[in-house]
Amino acid sequence: MGIFADSFKLILSLDTDLFEIIWLSLKVSMTALGISCALGLPIAGIFSSTNFYGKKTILMFFNAMMALPPVFVGLILYIIFSQTGPMGFLNILYTPTIMVIAQIIIIIPIIISVSVEILEHIFQEYKDIFETFEVDLIHRIKTTVYDARIPLITCILTGLGRALSEVGAIIIVGGNIIHHTRVMTTTIALETSKGNLSMAMSLGIVLIFISISINFMVMMMKIIAKKYSYD
Amino acid sequence: MIDNRTRMLIKNLNYKVNQETFFENLSINFLPHGISVILGPNGAGKSLITKILKGIIKPEGIEVSVTINNMKPEIGYLSQNIVFLRRNVFNNLAYPMQIRGLSKKIISERVNFLLNHFDFTKSKDISARNLSKGNKQYLSFIRALVNDPKVLILDEPTSNLDMNYTKKIETYLLTKKKNTKIIMVTHDLFQAKRLADEIVFMNNGKLVEISKTKSFLKSSNKLVKKFLNGSLF
């Protein structure tokens, strides 16, 4: 019980190191999520509204990427961006930038694969409307994405959950450097191995709180969806 | 105004359904004005004709000409497959104008005018997808009019409607036909008699007869007679 009490004390004392770690975690994950959405949603829109050679193969690739082990992503990025690697000259290893890249690689397949399923269903349903009113491709995608906004938000929040809970890739590429690349999950791993269980537990509590908040938001979105989606 | 440069025709239509020839060298030259009603038993190809006229289905090597004064007109189309966006009634009616980039003011005026004209204002904030089957069809008819079309192609516009809505639509069509070409499919012979200036009778993908309504009702064609007697389904 002492560990729990110490953990809560640490959180309530507004420890600057602790909040620096939480802030960096949120910054890295939110940036990765933002970029993943900006890239993934238009790609999903195009995939769901057009047919082209190789589409199924690419979708199968993204589906397979959803199960990609984060540690492996970290390893590949490490090889590419280490000093002896082909992109070593960029000097981004052990920086938040590479952590964002790692998270993008992990969550973008989720955003694309899940969004395509949501959008394809609505797009097929709206095909008659689009043909009747001779709607161009850009407006078709805009309409489909807009009308799918509620289920898409659920999909985006799932991506955020995945990003926040990820540890394998960012510990390799970020290096868990204090005041620089240390985030919640990597700190939990480190502090546990050091025996500093109250610090690890306090971060665990915050992480669980964020996860519960995300799930609560997903649940609220579903309730709102029923009320305002005009479905 | 519709003048002699107006053409509503399908020429040399060959079309396969499930690998089998359905339309073979079919040509239909519709009356350039008034209401043309396509009649025929189930599976005659009536709905397919409306889709081809609208341009939703584009078979190769045929000539489809829907022109008014030598120009491609705005075509309002009502399909049997009624689908609405996940939006309220007002926004479903606004959508065809929104995608054309019309101003909010114009859109609002047009939608409110139509809702008012068809006594549907009280439903404007309701989800279009939650309307009854009849109301959906009625709304779908109104939606076909939002861009002020010069040609209206309607596939069974009143099949699920009560007398009140049917009458409203028929009255509207009879007024509108003065400056709009209307082609509609119906199974209701009485409706055809009330509305049609010309009847196009089809059976099994073939044009059996095309004539003015009065002539059609006195037709000596065996299939037409059978249909009029109610023994051709």
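Q: What share of the contacts in chain B between residues at least 6 apart in sequence join residues at least 24 apart?
A: The share is 67%, where two residues are in contact if their C-beta atoms, placed from the backbone, lie within 7 Å. This is a predicted model, in which local features need pLDDT of at least 70 and side-chain atom pairs count only at pLDDT 80 or more, while totals for chains, interfaces and linings use all residues. Residues are numbered from 1 along each chain as its sequence is written, and chains are lettered from A and ligands numbered from 1 in the order in which they are written.

Q: How many helices and strands does chain B have, and why is chain B called as compact as a globular protein of its length?
A: Chain B has 8 helices and 9 strands, which are DSSP runs numbered from the N terminus (helices H or I, at least four residues; strands E, at least two). Its radius of gyration, taken over C-alpha atoms, is 18 Å, close to the 17 Å that the globule rule gives for 233 residues, so chain B is as compact as a globular protein of that length; the rule is 2.2 Å times the number of residues to the power 0.38.

Q: What makes β5 and β9 of chain B edge strands?
A: The open sheet of 6 strands in chain B has the order β5-β6-β7-β3-β8-β9, with mixed pairing, and two strands pair if DSSP finds at least two bridges between them. In this sheet β5 (75-78) and β9 (206-212) of chain B each have a single partner strand, so one side of each is left without a neighbour.

Q: How do you know that β5(B) pairs with β6(B), and in which sense do they run?
A: DSSP must find at least two bridges for a pair, and 4 bridges join β5(B) to β6 (residues 151-155) of chain B, the two strands running parallel. Within this pair, the bridge partner of Leu78(B) is Leu154(B) in β6(B).

Q: Which strands pair with β1 (residues 7-17) of chain B?
A: β1(B) is joined to β4 (residues 63-67) of chain B by 5 bridges in the antiparallel sense, with Met8(B) opposite Val66(B). β1(B) also pairs with β2 (residues 20-29) of chain B, again antiparallel, over 6 bridges, and here Ile10(B) stands opposite Ile28(B).

Q: How many residues lie between β1(B) and β2(B) in their hairpin?
A: There are 2 residues between these strands, and Asn18(B) in the turn has a positive phi of about 50 degrees.
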